[in-house]
Structure formats: structure tokens, C-alpha cells
Amino acid sequence: MGQDNLRNTIKVQRAIKSITQEELAEIIGVTRKTINTIENGVYVPSTVLALRMAKYFGVPVEELFRLEE
Amino acid sequence: MTQLTIEKADRRRYRLLVWQTIGFALFFAAFIFFPDGGRLGEVRAIEFIRGLGVGLGLAATFKLSHFERKVRSDRKVAGALDNEMYRMYDRKALVCGFYVSILAAFVLFVLEMSAVDTGLTAGIIMYAGIVSSRVAKLIYYR
């Protein structure tokens, strides 16, 4: 079985909304470091946090995060 | 509170944790490795290190508790500083400390240091575990 990697489109979504990591962090209620580690794939967020981000961007969570084999 | 405050609070907490770790490491190193204050001529240096450790550790702990009390009044900042990522890092740091303790015990055993004072052996294992856990936490939080 191959290793599944979690990819995300947070950077793209941020660019569409024209917001910085700091601004997103404030809206979601986390620190900028948290957003940074999620965006770079270092940290895999919980379902709650992923849903909160998806809700803010107005996209399904599958569009924000997807598995890549 | 603004994000700037969250960022400032995050940086401040990190700084205080660094000082607290340094203070703890200095004090307990002097306490564990030189329980009687060291050989003649070293006493002053050991006492100085111990005093410095106590001073730094206590000042950082006092400031940290004051800071945490202040932060708790703002739910958003408190939530941001204690989000799931930091809780995961805390757990990882504890696990790291646990394994380093086991490694320290193993190394002491292999080096046949069983002849060494029991208190010192326990102190070394405890010191290695706690300090590595704190350092791991600082690395993760960075």
C-alpha cells in the first residue's frame, strides 16, 4: 500500500480571497504558525479545523484537502 | 484582541519557556551533579550556577503564570495559543522525554554505572528525560 499524502489548496484559496496567513489565523482562531504548518503539509489538521477553514473559504473540505497517492 | 496580539503573545510565551528551560537545566544540573557543592575552589562557581538557575527559573515561571492568567481573560487568544497543534506538540515532547529517559537508563546500564550512587543515577535519568522533553517542546513550538 502506498503512502497517502495530504495535499491542500489553502495557498490558492488565500490568494483568491487575498488574505494573509495572519488574517486567516485570526478568522479561524489559531496562530499564524498553525496555518503555516498546515499549508506546508507539516501538520494535518483535525476535522473540526478543516471544516472551519472550508466554511470560511466557502468550498467543500475535499476541495481544500485531498489525498494524493 | 488583534492577531498582532496573538502573535505577540505567542512570541512572549516562547521566550518565557526558553528562559524557564534554561533556568531549570542550570539549577538541576548543579543540584544533581554537584549535590555537595563540588570540590574546593569550584564551590563558588557551582553556587553561582545554581543561584542563576533558580533566579532565571523562578522569574520565568512567575512571569509565565502571570502571562497565562492574563491571556485566559481573552478566549480568542487563549484558544489560539492552546490550539490542537500545540497540544499535539506537547504530547510529542513528552514522548520524546520518555524515550530519552529510557535511553539514558540503557546507556548507564551498558556503561556499567550501577556502581554509581543510586541517587545520581536516578537524577541523570530524570534530568535527561525532563530537559529533553522541554527542549523538544521548544523545537516544536519554534
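Me: Before anything else, what does buried mean here?
Reply: A residue is called buried when its relative accessible area is under 20%. The structure is a predicted model.

Me: How much of chain B is buried, then?
Reply: Of the 142 residues in chain B, 36% are buried.

Me: And chain A? What share is buried there?
Reply: In chain A, which has 69 residues, buried residues make up 41%.

Me: What is chain B built from?
Reply: Chain B contains five helices and zero strands. Along the sequence, this gives the pattern α-α-α-α-α.

Me: How many helices and strands does chain A have?
Reply: Chain A has five helices and two strands. Its order along the sequence is β-α-α-α-α-α-β.

Me: Turning to the surface, which residues form the nonpolar patch on chain B?
Reply: The patch consists of B:Leu103, B:Phe106, B:Val107, B:Phe109, B:Val110 and B:Leu111, and together they have about 640 Å² of accessible area.

Me: Where is B:Leu103 found?
Reply: B:Leu103 lies in helix 4 of chain B, which covers residues 84-110.

Me: What about the accessible surface of chain B as a whole?
Reply: The total is about 9000 Å², with 68% belonging to carbon and sulfur atoms. For chain A, the accessible surface is about 4100 Å², and carbon and sulfur atoms account for 52% of that.

Technical notes
Residues are numbered from 1 along each chain as its sequence is written. Chains are lettered from A and ligands numbered from 1 in the order in which they are written. This is a predicted model: local features need pLDDT of at least 70, side-chain atom pairs count only at pLDDT 80 or more; totals for chains, interfaces and linings use all residues. Side-chain values use heavy atoms; hydrogens and water are left out. Patches are made of residues with over 30% relative accessible area and no salt bridge: like charges are joined within 9 Å, nonpolar side chains (Val, Leu, Ile, Met, Phe, Trp, Tyr) within 5 Å. Accessible areas come from the Shrake-Rupley method with a 1.4 Å probe; for residues, only the protein chains shown count as cover. A salt bridge is a side-chain nitrogen of Lys or Arg within 4 Å of a carboxyl oxygen of Asp or Glu. Helices (H or I, at least four residues) and strands (E, at least two) are DSSP runs, numbered from the N terminus. Buried means under 20% relative accessible area, exposed over 50%, partly exposed in between (1.4 Å probe, protein chains only).
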